[in-house]
Amino acid sequence: MRSALLEHIGRLTDDDLPAYVHDLPALREHVHAIRTALPKRVELLYAAKANSDPRILRSLAEHVDGFEVASGGELSHVRGLVPDAPIAFGGPGKTQKELALALDAGVERLHIESEQELRLVTTLLGYRTLDVLLRVNLPVDVGRVALVMGGHPSPFGMDPAQLGHCLAVIASDPRVRLRGLHFHLASGLRATAQLALIDEVLTWAEDWARHRAIDLTEVNVGGGMGVAYERPHRKFDWRAFGAGLRPLLARHPRLTLRIEPGRSVTAYCGWYVTEVLDIKFSRGQAFAVLRGGTHHLRTPAAKQHDQPFEVIPVDVWSRPWERPEARDEPVTLVGQLCTPKDVLARGVMVERLRVGDRVAFALAGAYAWNISHHDFLMHPHPGFHHVDDAEVPVGGDAYTPQPS
Ligand SMILES: Cc1ncc(COP(=O)(O)O)c(C=O)c1O
């Protein structure tokens, strides 16, 4: 953990905990490295669903080519914060209201999920034009990965056989321009697997377009670049990915390739920091009960992993009894919820963990607070902090995300 971050955490009082602490310089450095690793012909969008914290979005804005949103709420939020950034609007089940909002907001690209959705949006166009990508569920084997969104029966996108119906609608409506195809088939892929998948997708896409005399200029291959929660230091290899894309793009000289990662961009900049309230032993097994839990950080429950963490020892102990501790043994870190599912990390070896010590969970910058069931048991919400080298605020800052 960076010393600036550790200092910030050190200044938080017990009442400030639990807290999300976001390391903005680290985020900027990371996204800059991603951008630098990618060939120029690759456009980088950030999938706002991973974390739509305003300061994160603003920090990313100057490094990305735009944002991918998946609801009217995300669309308004992103447009309000970074008004000039291009926006692609994707995701299943867009309502008529959301489609109208997308048209009014002038989104750059609409990712069409079905013929029904395409027909619906054409009823709202009036004199406007619309640039669309058709989302395809390609029958490919994506292997054993964290999340599979396509390649098998799924509610996402269209089977290739259904694309023809959309082409017929587009052919009959000059206001709709087909810009290309969109794919987001899996999450949790390493660089070599991503490259192999993109190769397959691009080959299929160009073949599909050639057979229909379609001038295909754009393919968006989605996100899904993996984050290894079990090995936090093994990051997605953006340099190998960028290097692998170059020869691949050379084979498709007319295509602009877009990617829209979320998790792999912001996961590393976020920390969920809390304290040990109790250490208990049950039938010989050690449990550390923490302030907070999976209602703030649902990621380990959702993905069934141990959230990586660092122990920050707090040496002060002013109680008149012996300080409960676990030493050189596996400990299960749980939260305050009355459910056996409230586990943040299970049976992880610790050198020493005491009541009053702090625990900082890493990789909490993506799909963390925003996917959690905040109000279960009505515990207080965490504070939200942003460490920036220019200014180091202490105390929860202005951003208080609204409960979903
Ligand atoms: C259409 C689409 N694009 C991009 C993403 C971002 O994926 P990730 O955060 O795994 O990079 C998602 C995630 O669900 C998605 O559904």
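Trainee: Which residues of helix H1 are buried, and what makes a residue buried or exposed?

Mentor: In H1, residues 3-11, the buried ones are Leu5, His8 and Ile9. A residue counts as buried if 20 or more other C-beta atoms lie within 10 Å of its own, as exposed if 12 or fewer do, and as partly exposed in between, with C-beta atoms placed from the backbone. This is a predicted model, in which local features need pLDDT of at least 70, side-chain atom pairs count only at pLDDT 80 or more, and totals for chains, interfaces and linings use all residues. Residues are numbered from 1 along each chain as its sequence is written.

Trainee: How do you know on which side of H1 Leu5, His8 and Ile9 lie?

Mentor: Leu5, His8 and Ile9 cover an arc of only 100° around the axis, which puts them on the same side of H1. The arc is that of the directions from the helix axis to the C-beta atoms. Ser3, Glu7, Gly10 and Arg11 are exposed on the other side.

Trainee: What do the buried residues of H1 pack against?

Mentor: They pack against several strands, including E1 (19-23), E12 (270-282) and E18 (383-387). Two residues are in contact if their C-beta atoms, placed from the backbone, lie within 7 Å.

Trainee: How do you know whether the span of H8 agrees or disagrees with its number of residues?

Mentor: The expected span is 1.5 Å times one less than the number of residues. For the 21 residues of H8 (191-211) this gives 30 Å, and the end C-alpha atoms are 30 Å apart, so the two agree.

Trainee: Which residues of H8 are buried, and where do they fall around the axis?

Mentor: Ala191, Gln194, Leu197, Ile198, Val201, Leu202 and Ala205 are buried. They fall within an arc of 135° seen down the axis of H8, so they line one face of the helix. In an α-helix there are 3.6 residues a turn, so residues three or four places apart point the same way. The face of H8 turned away from the buried side carries Thr192, Asp207, Arg210 and His211, which are exposed.

Trainee: What covers the buried residues of H8?

Mentor: The cover includes strand E8 (176-182), strand E10 (218-220) and helix H9 (238-250).

Notes: Helix = DSSP H or I, 4+ residues; strand = E, 2+ residues; numbered from the N terminus.
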